[in-house]
Amino acid sequence: MIHQETLDLLEWPRLCLHLSTFAATKLGTLAAQQITIPATEADSQRLLAQTKEVYWLDQQGQGLPFGGIRDIGDSLLRAQRQGLLGGDQLLAVASTLNGARQLRRTIDSQSPEDLPVLQALVANLRTYPELEQNIHHCIDDRGDVTDRASPRLAILRNQLKTTRQDLQQRLQRIMQRQAGALQEPLITQRGDRFVLPVKAPQKEAIPGIVHDASASGATLYIEPQAVVNLGNSLRQLQQQEKAEAEVILRQLTEQVAAVAEDLEDLLAVVTGLDLASARARYSLWLEANPPRFTTADEAITLRHLRHPLLVWQQRHEQGPEVVPINVLMSAQLRVVAITGPNTGGKTVTLKTLGLAVLMAKAGLFVPAREPVELPWIEQVLADIGDEQSIEQSLSTFSGHIRRIGRILAALDGAQPEVQEPEVQEPGTHSPTPSLHHSPPPPLPLSPSPTPPPPANALVLLDEVGAGTDPSEGTALAMALLKHLADSARLTVATTHYGELKALKYQDPRFENASVEFDQASLSPTYRLLWGIPGRSNALAIARRLGLSPLVVDQAAAWMGMGSQSDVNQVIAGLEAQRKQQESKSNEAAALLAQTEKLHNEVRRKAEMLRERERELRSQQDTAIQQAIIAAKRDIAKVIRRLQQGEPTAQDAQQATAAIDAIAQANLPPQSAPAAQPQPGFKPQVGDRVRLPSLGQTAEVLTVPDDDGKLTVRFGLMKTTVTLAEIESLRGEKADMPTKPKPQTTVPVAQAGPPAPAVRTARNTIDLRGMRVAEAESAVESAIAQGSGAIWIIHGHGTGKLRRGVQEYLQRHPQVQRFEAVEQADGGTGVTVAYLI
């Protein structure tokens with residue numbers, strides 16, 4: 001359990017207030033402002049899992065919808081206590097039920113592998129759609145009971161309408177007859193009675209009941225006697241209507257009360273989902289990352305850790321830029337002593353670390369770079385700031401001792417003893433002997449007790465041992481840190497005492513850290529440095545803040561007379577070495593980044609070249625295909641021209657010339673014929689050869705195989721060619737390898753008859769409904785794409801289409817013969833043509 005005192009010292013309520021601004025509902029806002037820190041690691045893991053899943057949903061652009069969710073807690077309590085809910089309250093219940101149903105649908109629409117925790121959370125959620133329907137059936141959008149809520153209510157409202165109309169009509173007639181007696185021609189109301197404004201001197205002209213008078217007494221508001229009975233009837237109907245409406249509201253209230261416990265569970269689930277959504281959105285806004293809880297033998301890793309409240313101040317209040325810190329602690333560390341100048345950021349470092357632990361426990365992401373690794377801490381105990389109080393007679397030192405006593409008592413699992421406000425000597429949580437008495441003699445015969453394991457606690461101490469005599473404060477601080485090294489998981493303390501810096505060299509569980517101070521600008525940089533103790537730089541800060549130079553110089557002279565100056569010189573030398581190493585590290589990092597950039601650039605350009613090669617190949621293939629299609633189209637035209645009449649030798653010569661012209665137009669240009677190449681060339685790997693058909697020079701990549709094929713490369717393209725397609729740069733042709741002819745051959749005369757043609761959907765065309773010219777084009781396409789035989793369906797009809805098709809087949813050079821099919825297959829309505 002985290003004490004409220006620690007939460008206040010770390011400004012946790014302020015962080016919760018910032019978190020609440022990311023909630024979507026009033027329930028979520030109130031819950032975020034009063035968030036409870038989980039007491040077990042399992043609860044923290046559950047909250048973190050919820051945050052991760054909602055964060056993933058937001059990243060997918062499918063955030064949780066919270067529209068319609070209302071705070072109906074008071075309404076449920078009223079219904080359980082047999083109170084009556086109004087129409088607006090019932091509408092809020094119905095709206096909340098619908099909003100919860102939409103939430104569950106959004107979560108259930110995702111894969112179970114993506115949202116296992118959220119789907120388990122809403123698995124037993126009951127949204128009572130029938131109750132929602134009943135409410136909307138009986139209550140309109142204004143919160144009034146509808147006419148359809150009950151037949152009796154509809155009848156009463158019809159009677160009300162009729163009675164009100166009769167009353168209005170009678171008053172209109174009276175106004176017309178007695179217009180001179182009226183102050184103004186209008187019908188108004190006093191209470192629930194309809195009246196007319198009558199001039200006081202002429203009240204006898206309109207006899208009736210006076211319900212009111214104007215301030216001057218000149219106007220009387222009279223209900224005419226002729227409409228009194230109607231007014232009474234109207235009043236009775238209104239009372240009956242109100243009673244009937246209350247009956248309906250009572251019925252709906254009882255339905256709500258019957259499921260009030262389930263609705264309370266629904267509110268708890270919805271509030272938990274809104275909290276998870278607020279945590280995810282706040283973490284996204286902080287640019288935070290999910291933490292991983294480490295074990296006792298793992299290090300703490302928090303790189304570029306930022307204080308969340310300072311981030312808020314920077315973005316919302318135009319504050320200064322936040323300087324991140326690095327917290328890297330080995331598993332054996334128990335105490336870290338942070339030294340350095342005042343206003344250097346030591347206290348902010350304590351609060352940043354404490355808030356990071358609390359955020360991880362509460363299911364929030366931590367504002368640090370990945371990986372975020374820290375232990376799950378059960379207790380966070382802090383002594384930060386000054387607790388001096390005139391009212392309680394507490395000095396600065398007394399206030400610190402009171403807090404430290406409570407911290408030690410919490411670590412021991414006991415309540416701290418009440419101390420007197422006047423503390424004369426430093427002490428601990430247990431009675432200690434006076435400084436003026438010798439300690440009791442040791443008992444060598446009694447075995448030393450085994451020390452208890454350290455508590456799973458983080459202790460944060462600000463200016464430990466301050467506020468008293470420096471020598472006594474130093475001794476007390478050293479003893480306290482030694483004790484905490486045995487009794488707490490981790491202690492982080494800030495101090496100005498130089499003796500505490502030496503604890504690192506006496507106990508491996510101790511470590512030094514310091515906040516950096518820029519000697520050039522005489523100002524802190526707020527960076528946290530590890531392994532090097534810091535200097536207080538009090539004189540430099542005093543000079544920067546305007547203290548008299550004479551005073552500062554005199555102090556520096558006195559300081560130089562002591563041994564402290566030697567220690568400061570050693571520390572200054574260590575800082576200089578650290579800065580030099582840091583500079584070299586930055587240069588190496590910059591060089592590595594530049595190398596990675598160049599590598600990525602080379603890889604990108606190589607990918608661009610490969611993509612360009614693929615594009616060129618695709619364009620080349622497309623051009624070849626288009627050339628083939630165009631050539632086929634032109635050849636088909638030549639063939640059709642030959643078929644349009646009796647072909648002659650002259651027509652054949654013209655067709656041959658036309659085909660040659662098509663070849664010249666579509667084939668790539670070839671170089672002028674060279675001298676007859678000489679045989680005997682044997683290409684080897686790495687040789688340069690010429691590809692006459694492509695007009696290119698290529699490099700041989702593989703030797704010819706048994707089939708005379710080899711791989712060559714020209715430009716960025718690789719291809720496989722035969723020996724007949726290449727020649728040397730001097731025009732020498734390669735010899736093709738000879739293969740032995742197969743011995744077992746079947747003579748043509750002995751070969752069996754060809755396989756019979758089989759009719760399929762692919763070799764059958766239907767010409768019915770076409771003209772002869774259209775049919776010829778379809779038949780030509782079928783002949784060009786087919787082989788063996790094609791079946792042509794032309795039907796009987798007048799016979800013109802059949803004769804035109806058969807005449808076309810008779811002239812076609814690729815048709816060997818044609819005939820009608822069997823009667824069972826269509827007879828003379830189908831012609832089968834056998835192709836060459």
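Are tyrosine 282 and tryptophan 285 buried or exposed? Both tyrosine 282 and tryptophan 285 are buried, where buried stands for under 20% relative accessible area, exposed for over 50%, and partly exposed for what lies in between, computed with a 1.4 Å probe on protein chains only.

Before I go on, a word on the basis. This is a predicted model, in which local features need pLDDT of at least 70 and side-chain atom pairs count only at pLDDT 80 or more, while totals for chains, interfaces and linings use all residues. Residues are numbered from 1 along each chain as its sequence is written, and side-chain values use heavy atoms, with hydrogens and water left out.

Let me stay with the aromatic residues. The whole structure holds five aromatic pairs, and a pair here is two rings of Phe, Tyr or Trp (for Trp the six-membered ring) whose centres lie within 6.5 Å, called stacked when the planes are under 30 degrees apart, edge-to-face when over 60, and tilted for the rest. Tyrosine 282 and tryptophan 285 make a stacked pair, with 6.1 Å from centre to centre and 15 degrees between the planes. They sit three residues apart, about one turn, in helix H11, residues 260-286; helices are DSSP runs of H or I with at least four residues, numbered from the N terminus. Ring pairs also join these two with Phe22 and Trp312 in a cluster.

Over the ring of tryptophan 285 sits the charged end of arginine 315, 4.7 Å from the ring centre, and arginine 817 is placed over the ring of tyrosine 834 at 4.0 Å. The rule for this asks for NZ of Lys or CZ of Arg within 6 Å of the ring centre and within 35 degrees of the ring normal.

Turning to salt bridges, the count is 34, each being a side-chain nitrogen of Lys or Arg within 4 Å of a carboxyl oxygen of Asp or Glu. One of them joins glutamate 5 to arginine 403 at 3.4 Å, N to O, and this pair links distant parts of the chain, since glutamate 5 belongs to helix H1 (residues 4-9) and arginine 403 to helix H14 (residues 396-412), 398 residues apart. Glutamate 5 is partly exposed at 29% relative accessible area, whereas arginine 403, at 8%, is buried.

By contrast, arginine 614 and glutamate 611, whose closest N and O atoms are 2.6 Å apart, both lie in helix H18 (residues 564-643), three residues from each other. Arginine 614 is partly exposed at 42%, and glutamate 611 is partly exposed at 35%.

Notes
Helix = DSSP H or I, 4+ residues; strand = E, 2+ residues; numbered from the N terminus.
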